[in-house]
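Let's walk through a protein model together, one feature at a time.

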Amino acid sequence: MRTLIRGALLVTRDQYTIIDNGVLVIDGTHISHVGPTERMPAGPFDRTIDARRMIAIPGMINAHCHSAANLVRGLFASRPLEIWRAYYRASLRDMRDEDFYASALLGGLEMLKSGTTTVMDHFFGSQRCRFMGAGAAIQAMRDLGLRHVIALTLADKKYEETIPLEGTAPDLAPEIQRMSQSETRETRAWLDECEAFIDEFHAPGKLTTCCPGPSAVQRCTDELLTGAAEIARKKNLPMHIHLAETKAQQMMGERLYGTSLLSHLESLAVLESNLSLAHGIWIDQEDVEKIAAAGATLVHNPASNLRLGSGLAPVPQVLSAGGHVALGTDGAASNDGQNMFDALRLSALIHNPVRTDFRQWVTPSQALAMATGEGARAFGLPCGVLVPGQLADLVLLRRDTAAFTPLNDVVNQLVYCENGASVDTVIVNGEIVVEGGRSTRINDEEVLELARRSRERLNPSIEREMAAAQSMEPALADMYFRVFGR
Ligand SMILES: [Zn+2]
């Protein structure tokens, strides 16, 4: 299949080049030509898209989310992560494969329709399902035609060893034990499971990249962290992990290792260019420089960090140090939406008030690179820029919308004005998967109905489990105030 896209305003993201009235040719799954209309490549073409009223951008890469969270969007009150997490984990306990499928389908459809073509799903589901239900999430994303990198979440430390819960009321012991059981497994069992998962599902031709995703430094033994890194190295895959999302986590790092969480990763030789670090809020300048020097990628999740009050990641500092930053939504339990335009806009706004030196403010070009090419680089995928040889993952946005009228500066308007409503056509792997704003693969209304049915079936368990989680809130709140002061 050979496709000609003619007349678009091309935002190539290659050396920041913008081509007005450009042509782009897709041969099979890859881009084969990008240039001005005057230098039209020779035909024939199987399909021509008239894009004279369109803007073409590389598909966005959502570099951190949790697909299992879409059924609980908007459910939780804003709470610090340690409290919020007790509720979120409780809501997952009775989910089955069909629910993980419905949840991934719901979030995946929202992402595709708002211009995301690849997602990093740091998957955590239920230990009662095979691979925690990750196979069902993969099926959903394949059905949608959404490219996905799926990192299986691994943790082998007991919950109570990972947060500074000293002096907790003894009557909480049963709940704490349930938290531990829901996520912890013996080290070797996790590593074997991770390898089996990759062997079964890793298939880039089917849009699936699988990789290890240790939950967070403080939640894993050194053996698990180095074992996971060894799997990634052996199979030439990326690795993904949460890093220093809260002050309590940073404190635990100092307590467990006598050093920062990031320095500990470095000491284990796990900090390499294939590693992407979600959040990285409570890190110091030395950590920033180590991330940059290693060529690792910090994944910024601005909406989630605001919702849980976690703090502001030092994104301008990482960029100034020459480091790599990608952008994510995080899961819908802590962000509520999966729209990357929301993350894009926030990333270019929220750092301004805390940086006096405006020359270090995140520019729209930097934000757009974070949402596209930097994510691709982090996961070793040849996409995220519109240049020949890259995978044909791109988005066509209508120009006749309020966001782009009048058209003053396309990059500024993509970042500051657009909210996803202008997305018309989405192409992944050379295939049109969204046309006229609707999925070509799946009935949009059926996706919503499937999600509603799952949520309804889960309701009794969610109500019961939320009440159980509530019993932990006073102790977790005590810990929070101990860490932060009142
Ligand atoms: Zn996360």
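## Pockets, cavities, core and cysteines

Q: What volume does the largest pocket have?
A: This is a predicted model, and in it the largest pocket has a volume of about 330 Å³.

Q: Which residues lie nearest the centre of the largest pocket?
A: They are Thr 209, Asn 236, Phe 379, Gly 380 and Leu 381, out of 22 residues that line the largest pocket. Sorted by class, that lining has 10 nonpolar, nine polar and three charged residues. Strand 9 (208–214), helix 6 (222–234) and helix 14 (373–378) each supply at least two of the lining residues.

Q: What about the second largest pocket: what is its volume?
A: The second largest pocket has about 250 Å³. It is lined by 13 residues, with Arg 93, Ser 126, Arg 128, Arg 178 and Ser 182 closest to its centre. Two or more lining residues come from each of helix 1 and helix 4 (173–183), and helix 4 gives the most, with three. By class, the lining of the second largest pocket has two nonpolar, five polar and six charged residues.

Q: How many cavities of 30 Å³ or more are there?
A: Here is the general idea: rolling a probe the size of a water molecule over the atoms shows where empty space is left. In this model, the count comes to six cavities of 30 Å³ or more. The largest cavity has a volume of about 180 Å³.

Q: Which helix gives the most to the lining of the largest cavity?
A: Helix 1 (residues 81–92) does, with five residues. The lining has 20 residues, and nearest the centre of the cavity lie His 66, Trp 84, Tyr 88, Arg 89 and His 242. Seven of the lining residues are nonpolar, eight polar and five charged.

Q: Which residues touch the most other members of the largest nonpolar core?
A: In soluble globular proteins, nonpolar side chains tend to be buried together. Here the largest nonpolar core has 143 residues, and Phe 197 and Leu 277 touch the most other members. Beyond its neighbours within four places in sequence, Leu 277 has contacts that include Ile 241, Leu 262, Ile 291 and Val 299. Another core, of 18 residues, lies apart from the largest one, with Ile 26, Ile 49, Ala 51 and Ile 427 among its members.

Q: Is Cys 210 buried or exposed?
A: Cys 210 counts as buried, because its relative accessibility is 0%. Cys 220 counts as buried at 0% relative accessibility.

Terms used
Residues numbered from 1 in each chain as written. Predicted model: local features only at pLDDT ≥ 70, side-chain atom pairs only at ≥ 80, totals over all residues. Heavy atoms only, no water. Buried < 20%, exposed > 50% of the residue type's maximum accessible area, 1.4 Å probe, protein only. 1 Å grid on protein atoms, 1.4 Å probe; cavity = no way out; pocket = protein on both sides within 12 Å on 5 of 7 lines; lining within 4 Å. Points joined across faces, edges and corners; volume = space filled by probe spheres on them. Helix = DSSP H or I, 4+ residues; strand = E, 2+ residues; numbered from the N terminus. Nonpolar A, V, L, I, M, F, W, Y, C, P; charged D, E, K, R; others polar. Core = buried A, V, L, I, M, F, W, Y, C linked by side-chain atoms within 4.5 Å. Contact = heavy atoms within 4.5 Å.
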